[in-house]
Amino acid sequence: EDQLRIRTSWILSNFLVVSTRKIQNYGALEYLNMLQTNAFGQYGDLLKDVTRNPGMGFYLDNQNNKKSQLNENYGRELMQLFSVGLVQLNMNGTAKRDASGKLLETYSQKDVIEITRALTGWNHAEPESKRSSANFANYGKPMVASWPDQHDTGSKTFLGKTIPAGQDAYKDLDSLVEILVTHPNTAPFVSLRLIQGMTTSDPSPA
């Protein structure tokens, strides 16, 4: 009875990826529930929920991302797979090239480091002593910024925009998602994947 929501969630799950090769089955189920809840909402809200989802936090290691020891895994995939992609795009989904025909990259390694700094300080909800081994990541509850001393509060600049200094992890998440969803690459990058899942695997630029 809810075919469009289920199909949209399936499409999203094909590029906003987690896997039971690493996370527990319950975690994957809660992740899918989160995708279904957000299937028809704003893409920025979806990215915030993906970022705080404990299954994703465990799968791409952002729960281990600390100011004292950065883990770039999630920050890199957040740009590469979930929002702006690897190469600059025109609005019709075709790649942009320079005068010599070389593809134009969307972001640099410096951008990866800066967005990773903005994503520091998150951990699974509730203290470890209250989480059972069967549900150690507390999959049913969004991650919380329970390590305020491990969140980098300095300013961060990536994709040509700056997040101001002095913000906590929650405000930094709002700021970085705003940068991602308003980037000119995100609309064609995400739309292409939705079109491929809804209609044809090789859509024309039109």
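Colleague: What should I know about the model before reading it?

Modeller: The model is predicted, so local features need pLDDT of at least 70 and side-chain atom pairs count only at pLDDT 80 or more, while totals for chains, interfaces and linings use all residues. Residues are numbered from 1 along each chain as its sequence is written, and side-chain values use heavy atoms, with hydrogens and water left out.

Colleague: Which residues touch the most other members of the largest nonpolar core?

Modeller: A nonpolar core is a set of buried Ala, Val, Leu, Ile, Met, Phe, Trp, Tyr and Cys residues joined through side-chain atoms within 4.5 Å, where buried means under 20% relative accessible area, exposed over 50% and partly exposed in between (1.4 Å probe, protein chains only). Here the largest core has 41 residues, and Leu16, Val50, Leu78, Phe82, Leu176 and Leu180 touch the most other members. Among the elements that give two or more residues to this core are helix H2 (25-38), helix H7 (169-181) and H8, with H7 giving the most, six residues; helices (H or I, at least four residues) and strands (E, at least two) are DSSP runs, numbered from the N terminus.

Colleague: What is valine 50 in contact with, leaving aside its neighbours within four places in sequence?

Modeller: Contact means heavy atoms within 4.5 Å, and on that basis valine 50 meets Leu16, Tyr31, Met34, Met56, Tyr74 and Phe82.

Colleague: Which residues of H8 are buried?

Modeller: Thr186, Pro188, Phe189, Val190 and Gly197 are the buried residues of H8, and their cover includes helix H1 (3-13), H3, H5 and H7. Methionine 198, also in helix H8 (residues 186-198), counts as partly exposed because its relative accessibility is 33%.

Colleague: How many salt bridges are there, and where do their partners lie?

Modeller: A salt bridge is a side-chain nitrogen of Lys or Arg within 4 Å of a carboxyl oxygen of Asp or Glu, and the count by this rule is seven. One of them joins lysine 22 and aspartate 61 at 2.8 Å, N to O, linking the loop between H1 and H2 with the loop between H4 and H5, 39 residues apart.
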